[in-house]
Amino acid sequence: MDSSNAAGTSNGGSGDGDPAAAARRNTKMPKYSKFTQQELPACKPILTPKWVVSVFFLVGVIFVPVGVVSLLAARDVVEIIDRYDDACVPVNMTDNKLGYIQNETISKECTRTLTVTKDMKQPIFVYYQLDNFYQNHRRYVKSRNDAQLRDYKKANQTTSCEPERTTADGKPIVPCGLIAWSLFNDTYIFNRGNENLTVDKKDISWKSDREHKFAKNVYPSNFQNGGLIGGAKLDSSIPLSDQEDLIVWMRTAALPTFRKLYGRIYVDLKENDTITVKLDNNYNTYSFGGKKKLVLSTATWLGGKNDFLGFAYLIVGGLCIFLAFAFTLLYVIKPRKLGDHNYLSWNRHPAGR
Amino acid sequence: MAEDHGSSRNMSMSMSQKELGDEDARAVRVGDAARTNERLEFAGNAVRTAKYSPFTFLPRNLFEQFHRLAYVYFLAIAVLNQLPQLAVFGRGASVMPLAFVLTVTAVKDAYEDWRRHRADRAENNRLAAVLSTVPGAGAAEYVPTKWKDVRVGDIVRVAANESPPADMVLLATSDTTGVAYVQTLNLDGESNLKTRYAKQETLTTRVEHLAGAAVIRCERPNRNIYGFQANLELQEESRRIPLGPSNIVLRGCDLKNTAWAVGVVVYAGRETKAMLNNAGTPTKRSRLETHMNRETLFLSGILIVLCSLVAALSGVWLRTHATQLELAQFFHKKDYLNSDKENSNYNYYGIAAQIVFNFLMAVIVFQIMIPISLYISMELVRLGQAYFMIRDARLYDASSDSRFQCRALNINEDLGQVKCIFSDKTGTLTQNKMEFRCASIDGVDYSDITRQRPVEGDLAWVPKVPVNVDREVMALVRNVGATEQGRYTREFFIALATCNTIVPLILDGPDPKKKVIDYQGESPDEQALVSAAAAYGFVLVERTSGHIVIDVLGEKQRFDVLGLHEFDSDRKRMSVIIGCPDKTVKLFVKGADSSMFGIIDKTLNPDVVQATEKHLHSYSSVGLRTLVIGVRELTQTEFLEWQMAYERASTALLGRGNLLRSVAANIERNMRLLGASGIEDKLQDGVPEAIEKLRQAEIKVWVLTGDKQETAISIGYSCKLLTQDMTQIVINSNSRESCRRSLDDAISMVHKLRSLSTDSQSRVPLALIIDGNSLVYIFDDTEREEKLFEVAIACDVVLCCRVAPLQKAGIVDLIKKRTSDMTLAIGDGANDVSMIQMADVGIGISGQEGRQAVMASDFAMGQFRFLVPLLLVHGHWNYQRMGYMILYNFYRNATFVFVLFWYVLYTGFTLTTAITEWSSVLYSVIYTAVPTIVVAILDKDLSRRTLLKYPQLYGAGQREENYNLRLFIYIMMDSVWQSLAVFFIPYLAYRKSAIDSASLGDLWTLSVVILVNIHLAMDVIRWTWITHAAIWGSIVATWICVIVIDSIPILPGFWAIYKVMGTGLFWALLLAVIVVGMIPHFAAKAIREHFIPNDIQIAREMEKLKHSHELTHPEVQMSTFAQS
């Protein structure tokens, strides 16, 4: 305000019309502002008993119902899990499972019967689950090259794809790397009685992957030609963007026990329906003691069948309500007047200095 | 150090007293720069304060930065990561954090250096008028020359208000007597004018003729700005003309009140005294940082344990899976491509090697356990804190127009932990503005202040500083009818007017008939005395090198100054030999009473001597500074004898200083006592209140002064350091033996008093008063030192009087060595430098005594009373903020590392991270860095008002309440719990599901970041909009970063965040993680704050609840500190 007035009055004259302003210019006196004097308006919340109890209570009140709802949702999910890796080994080869899986002459076909425990509403998700398969192993996760997958001109870019980088004669593998090489290759065919339950394998992968990560004009080449066969072979006439099993597989799992979407069945299943699964038990998990399971599951907003979240919310909510009561009790038993200067240490023990 | 005079000399003085030998001399041929510089031994005048050149910047700056051990650690890790077997992160990601820190620091350094370069260039290209002779012709003219081209030996002409381009010896000035006045504001901060003289011999010769005809031999360049020794040899004369400090003008000072001065350059460029004094202050490290290193070691321990665990477990895993690895699709041990190679395995070197690799990889992955960003955060925070301290209007001193200065940037938080203050007296507690108060003349005491009035009547001369006069004395002086008493009184004032080195400057006052005289001089005591003489009608109006003119009661009289023995700290007196107008030659001496009574002939007037001694005692007991004045009339023979001795001594090449001293001592004897003066050393504003506040804050205040015991005690009383109820222990000994005895007595007295009053309420406060002599004996012997410590620590107040500069440092060291108490030294003069540098925190008062103290200090300010807001407010805040920030940084990085660690347990111990490498790199740099810095700069646990109202709150810092091992352990436990919540809640929810690692990694990233930010938010005390912006903005920024990273199709985690954010489970888990993670901290906080509250908590509540009350009844009590 001051300076604007001065500017107004000393309109005609020179700048020395306002001695105060001149003095201010010459002095090193810090300019006053709420910021520099650390006096910005501020809110200073303190944890009063009221706050503590209400926070705990509020959290409890929110968490318990959410817990109940998610528990109910998880209970609604119907899940059929069938471990077949052991069962599909012929009786005479149970001692030599590795020999069984490596022998190409032995038929890998196998039939499993599943009983539906509860009504299942479509869509029914078909997963395969692998146990003890470290898709997050450092050797494994690094062994891929994403540039190669989205640009056919970059087929030669196979850095970090070791040890499945090129063929023995030096040709680049597309898709290269351990991940692609180890593509899961068991297949399932579902029948209810005589009715064939078609598995829809469209859209099992992420749309973003199909559109931006795996190109329409990149075709598999030199794939699975090496000394050791890791898993599935790819049809080199189908572009990568349509190889949805590969795309799903290459979204590496976070944990050593994981499921991958195989397809969806758009048929409602009734309780006690019997489903026969004809499967090709091709994938070698016997070498490292991994388990293979087939999973049929419905889904809710919370994902699959997992009680954990519901229980977690219930327990936390209950704990918070308990703490709310406990704190109320404590505050009643040992009350303290807030901001009472008698509690200051030098007032409590006046002789303490 | 055995003798008092030996110890009272400080380093720089002893340097000046070293005599000039021939081998030390440099020969400067006046006006002949070419021949002077033939041997290229003298520096040119170009100065260079910049550290780097464009070419040396990178290597030198990096070299300096890597002096920090932490940086070496991160460099080692970055190098490790470049080995193919260990490459955990990509090249870019691994080098980025270190590169970021190095770059930020380098940019800061480069900017500072660029500014120095710019300043250097401006300085070097200034123009000076240099005499250039045309050979043979004898014609010469002054040619404008750039400063950098000025050479030693050049003759330079400096005009008024200009600064000489280098140190030069004056040859001639515009004044016919060769006087030049200089202001040394930039050199030592003193604003008064100092006189410099050109020698008579060079004055009379024309400068052009001097060129090539004279040689100056001067001492080697040194940094003593108050000393200079040289002599001038003229061709036609055989004798050498001595040159001293009064014949030289230094680079950096300004020529004032003199139209021009001509001099010859003797020191140039980096050899000038100004540049030699430019050395920086020694770096100190803060207490908190030292403690922090201890916790960093703990963290390294945890890091090693984690890494060893991972390495060992990976070994076990490899062993149990040994048979399976060849065919397991995720391992693929054999390399079929290169199966002909000797080692047919792909990237597998046996279990032992893998364990080692895994260990090293673990170090790389978990590296941020040692928080790298903490170092840069601390620097930024200190910068911010310094900004606020400098800008604090309450630390601004209007009288000297000076702001607070932060000279050291790394000990801000030490200000919050001070337990012991060592304060200088003169200029620090007192203003060093002397006021003439009273006098004892010829044994008559004139100290009744009630009789004193301002000067009346029209006088032609008015001193700038008004002095009240005693009317009785006035009448005595005016009464021309000479009584014996009147004669002595007049002689007393003549002595005051003559026996000094004051330069009168005549200014035009508002009244044209009255001239205002400003007395400029180096000693404030002398200024006060001359002003007093002027007020009584003995006005010093003119000074040249040969005579002074005194207006004696309206009649101008000329007094010839025949000789002058300057004040030195050994003699503690000065004297002049004056040829009076009545043709008598008189010797006037003034000095400290201890030195004067030794040279006074007590038989001349025993009554007067006795009375004066009594008066002196009463003056000093009310805190006045006393000087004793004596006179002696010299006979002709005595004078001639002296003159010969003086001349011999002053031209001597060897031992000139000592010779002059002995000449002075020879003549200064058998003096007749004229009287004594009492000068009041006014206390600085607010000193008693400040000391009271500091005492309430349980900070011990020690006063170390060069003054004598009585003065020190009286000042002690007037600034409320000493109180009447205190028991004083005085140690004042003249011998080793008596010193030991008094120490033993003191100890037994302390023990007795303490045992009498075990109940601390009835405790008798103790004060220890000790003098410099005793300290000499005490510091001789460690046993006595130990005893002194025992006594001193039991006392509430310690007053050390008559201490020499180095003893001041010794006393600080006494405390520093034996306790862990934080010490602070505050002083204003050159004699405080050693103490300021010795103490943990050194504070300089930018006052009257010069700038050395400020140059050596860590912080500088205008007033002693600013210590209260500085320590109690800023120190408290700085400590609280910094302590919290360090702990928080440890916690925050540890939480993240633990989350990574839990995941490693589920990856076959192969150190895969679900969190993307960019997120782990950005975590401590971007995701969580800004809020802690902002909070550490802006958060305030208590308001300024509360902190000043309850100085006891300062105890939090002294007791290390905000940073200690207990808090560290607590926060690490919290960190483990939160990491468990962050990791296992999503883990259990997503177990046996189709979750991919990128989605889970994003969830983990976000939940860690949100959790640690909410943790911070919960601990923030004062929410301003900036805090809100920083904390919530940082969460938003993290979210944006994660989204950006997941929008790069080339990365494996492409699109994961979009996908996972679309599921309800993600949000439910995020909420659960935050709530579960925060419950313990929240509950612990609630319990701590309510059931075991500390003082700060109570004060916070009082502040909050009384806020409305205080708005209507603002406190008046604190106005002295609240206003500036």
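**Chain B meets chain A: a short tour**

Let me start at the interface. Between chain B and chain A, 39 residue pairs are in polar contact, both residues at pLDDT 80 or more. A polar contact is a pair of N or O atoms within 3.5 Å; within protein, one must be able to donate a hydrogen and the other to accept it, and residues adjacent in sequence count only if both atoms are side-chain atoms.

Which helix of chain B gives the most to the side that touches chain A? Helix H38, residues 1064–1091, with 17 residues. Helices here are DSSP runs (H or I, at least four residues), and strands are too (E, at least two), numbered from the N terminus.

A word on ground rules. This is a predicted model, where local features need pLDDT of at least 70, side-chain atom pairs count only at pLDDT 80 or more, and totals for chains, interfaces and linings use all residues. Residues are numbered from 1 along each chain as its sequence is written, chains are lettered from A and ligands numbered from 1 in written order, and side-chain values use heavy atoms, without hydrogens and water.

Back to the interface. The contact (heavy atoms within 4.5 Å) takes 110 residues from chain B and 99 from chain A. Together the chains bury about 9300 Å², 63% of it on carbon and sulfur atoms. Buried area is the accessible area (1.4 Å probe) that two parts lose on being put together, summed over both. In chain B, the residues that lose the most area to chain A are B:Gln329, B:Phe330 and B:His1090, together 10% of what that side buries.

Now charges. The rule finds four salt bridges across this interface. That rule wants a side-chain nitrogen of Lys or Arg within 4 Å of a carboxyl oxygen of Asp or Glu. One of the pairs that meet this way is A:Arg251 with B:Asp996, at 3.4 Å, N to O.

Next, chain A. An unreviewed UniProt entry places "transmembrane region" at residues 51–74 and 311–333. UniProt annotations may be inferred rather than shown by experiment. In the model, residues 51–74 of chain A are 100% helix, with end C-alpha atoms 34 Å apart. Residues 311–333 of chain A are also 100% helix, with ends 32 Å apart.

Last, confidence. The complex gets an ipTM of 0.91 and a pTM of 0.80. Where pLDDT is low, predicted coordinates should not be read in detail.
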